[in-house]
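Subject: Structure handover and notes

Hello,

Here is the structure we spoke about. My notes follow below it.

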Amino acid sequence: MEVLQHLAAGFLEVFVPANFAALVVGLVLGLLVAVLPGLTLVMGVVLALPFTYTMDVTAAIILLTAMYIAGTYAGAWTSILFHVPGEPIDVPLLWDGYAMARNGDAAKALGWTLVAALVGGLAAATVMVALAQPVARIALTFSTPEYFAIIFFGLASVVSLGGSSLANALISLFAGLLIATVGVDDTYGAHRFTFGVPILSDGIDYLVVMVGAFGLGEVFLRMEQRFTSMPLQSVDKVTTRLPTLREAGAIKGTFARGTLLGIVVGLVPGAGATVASFLSYGIEAQYGARKAQMGSGIPEGIVAPQTAATSSVGGAMIPLITMGIPGSGATAIIMGAFLLHGLQPGPQVFETSSHIVYAVFASVFVGVIGMCLIGYFAARYLVRILELPEVIVSAYVVMCCILGAFAARNNITDVWLIVVFGVVGYLCERWRFPVAPMVLGVILGPLAETNFMTTMISFDNDWTVFLTRPISGTIMVLSLVTLLYPLLRHLRRRTRLAAT
Amino acid sequence: MRKLVARVSPYALIGACAGFLYHAATQIDFHRRAGTIGPDVWPKLVLGLMIATCLYEIVRVVLSRGRRGGAAGVLQDMVEESEARYGGGNVYAGAKSPLLLAAGIALTALYVWIVQPLGFVLATAPYLAAFIALGGYRRWGVNAAVSLIGTLAMMFFFMKVVYVSLPIGGEPFAQVTLALMRLMGIR
């Protein structure tokens, strides 16, 4: 009951003109970012951050969260209409979404996407509100070993999930953890890896790494490819035709599976909308009632990835708000916005700033509905952004990266650092070292180290404490299984290949 | 043999850097407290694991004679399997141009270098125009308009709305920026 009261107050807060304007701007920007193939939703949220510096904290978080939600939806339009995924999340939509469009029913495919995003988004928002306070209460009982174990699990899952090589993902993660140690250490005041350079004493901000590696690195990669994206097919008119209730009811199992999977994947630090989307499609293709027809343009192939992608947002917000652990690139930026405004997400936030938290929760509900309304009425106008030459968009992405890095501390050295990390990001992509583990390493590194050091000090340097306490022990074992799973999968595949 | 060297060299390079940083970590100056671990332990742990991973990968590559094929991430496997089954989603089909990339990086570095002495406006407008031209866009009028209007819009937004003090440049370039600021009502 108390939660509902807080939520009602949150809805009122969302409809304050400044917050509502931030929500609408966030939704439109998120949709545009998702439509443009060169811009990912994480990049979009990164680039929007400097524009929120002088905003009120609630409006700032609402804007970034709205971008995050909308970023999981609009890329589907280009997948379906042009066979161009706006985001990596939308690759599974090429298989059935585009096939349905090719079968002459593009409007229906867009309708299925809209309903899937709406159902997934609203269901996940409900679960988020229901789970947040209980999870925060549990988190209050956690000590540093449990926090370290959760962070370790997040790092293990990001390594286990992405990249064409497990070793490369590990190296990338270690590089991120190492970058996070640069500067003056909090406990001893010792200079680490500063090499006498004054600006390095303040450390390397994870935003600089993110902006450089995700933003500039991506532009450099596109530049090497001469900004030559595939020519778009012409589409007469973009309309959305919603499925009937009976049609939607016929695949309610797909809706439920996709939503549940998205929330669970969102909860896991390190995983995100892309993982949710692929996993959901994979499960539908393996266990769905019409698995044999997947890929031929059936609604299940659209609903499964889209519900999972949008519902992962609600799931990802839970560890961020309740434990202060950002599990994905986008939530890391949202956490950055919290911190910039002097607010530390975590279990205490429900005591100190519940009005902000519930305003953000309410904005997810309003955002999902608003996103679908904008999608229904304005998709035809928003996809026209694809007519903008990519090189012009990229030039402005570079400028937003540079201004974002400069505005954080008004320091030109940060701008040099993003150029350096831009080159590092490019080289990572070139040499097949995934960037995401490095970025997550930089974000979670300080939290991991602090919890590790505090545990060591509190428990007389007994490292077995991570394994002997029931909760941390379970999570650590789960983390090791997560890390070893790709290796076991690889060995099994090799054995099978050798046998054949 | 060349393939083997090419495959091993990134790990050897990273391993060597990690070795150097491990040495730097042993030199971290701090006042040790009895019975507690110091600020060098965490970086040493990370660097140790990094060196071990590099060594593992070097040995694996040498034993497999330069072939790829180590364990991949679960998502990568899923993507590759699904794309093989249903078709890929590669948006970019252009030929690579390392020269263009080098020019782009050099241009960006040059911009960062000159933005403080020249000021934001005088450095940004030419940078944007050069970047867009370098990227192959040949409609010069549009390019000039986009670069100039964009620069002024960013200057107005960041200086007037977000209150970021963008570089105004040294003399005599500062006079241009200050004149523009007066025109836009920026104090």
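Of the 187 residues of chain B, 33% count as buried, where buried takes 20 or more other C-beta atoms within 10 Å of a residue's own, exposed 12 or fewer, and partly exposed lies in between, with C-beta atoms placed from the backbone. This is a predicted model: local features need pLDDT of at least 70, side-chain atom pairs count only at pLDDT 80 or more, and totals for chains, interfaces and linings use all residues. Residues are numbered from 1 along each chain as its sequence is written, while chains are lettered from A and ligands numbered from 1 in the order in which they are written.

Helices here are DSSP runs (H or I, at least four residues), as are strands (E, at least two), numbered from the N terminus.

Chain B and its side towards chain A

Chain B has seven helices and zero strands, in the order α-α-α-α-α-α-α from the N terminus on. Of its contacts with a separation of 6 or more, 61% are between residues 24 or more positions apart; two residues are in contact if their C-beta atoms, placed from the backbone, lie within 7 Å.

Between the chains, 65 residues of chain B are in contact with 72 residues of chain A. On the chain B side, α1 (2-26), α2 (41-63), α3 (74-86), α4 (98-118), α5 (120-134) and α6 (140-161) each supply at least two residues. The most come from α2(B), with 10 residues. That side of chain B divides into 42 nonpolar, 20 polar and three charged residues. Ala, Val, Leu, Ile, Met, Phe, Trp, Tyr, Cys and Pro count as nonpolar, Asp, Glu, Lys and Arg as charged, and the others, Gly among them, as polar.

Helix pairs in chain A

Axes are lines fitted to C-alpha atoms, for helices over the stretch in contact, and angles run from 0 to 180 degrees between N-to-C directions.

In chain A, the axes of α10 (residues 206-224) and α20 (residues 435-458) come within 9 Å and cross at roughly 165°. The two helices are therefore roughly antiparallel to each other (over 145 degrees; under 35 is roughly parallel, 65 to 115 roughly perpendicular and the rest oblique). α10(A) passes α20(A) in a left-handed crossing, meaning that the near helix is turned anticlockwise from the far one by less than a right angle, with clockwise being right-handed. Among the residues that meet are Y206(A), M210(A) and F214(A) in α10(A) and M438(A) and V442(A) in α20(A). The contact holds 10 nonpolar residues, one polar and no charged.

The axes of α18 (residues 390-409) and α19 (residues 412-430) of chain A come within 8 Å and cross at roughly 140°, which makes α18(A) oblique to α19(A). This crossing is right-handed. Residues in the contact include C401(A), F406(A) and R409(A) of α18(A) and D414(A) and I418(A) of α19(A). Eight are nonpolar, none polar and two charged.

Helices α12 (residues 252-267) and α13 (residues 273-287) of chain A pack at about 145°, with axes 9 Å apart. Their crossing is right-handed. The contact includes R257(A) and G262(A) of α12(A) and L279(A) and E284(A) of α13(A), and its residues divide into six nonpolar, five polar and two charged.

Regards
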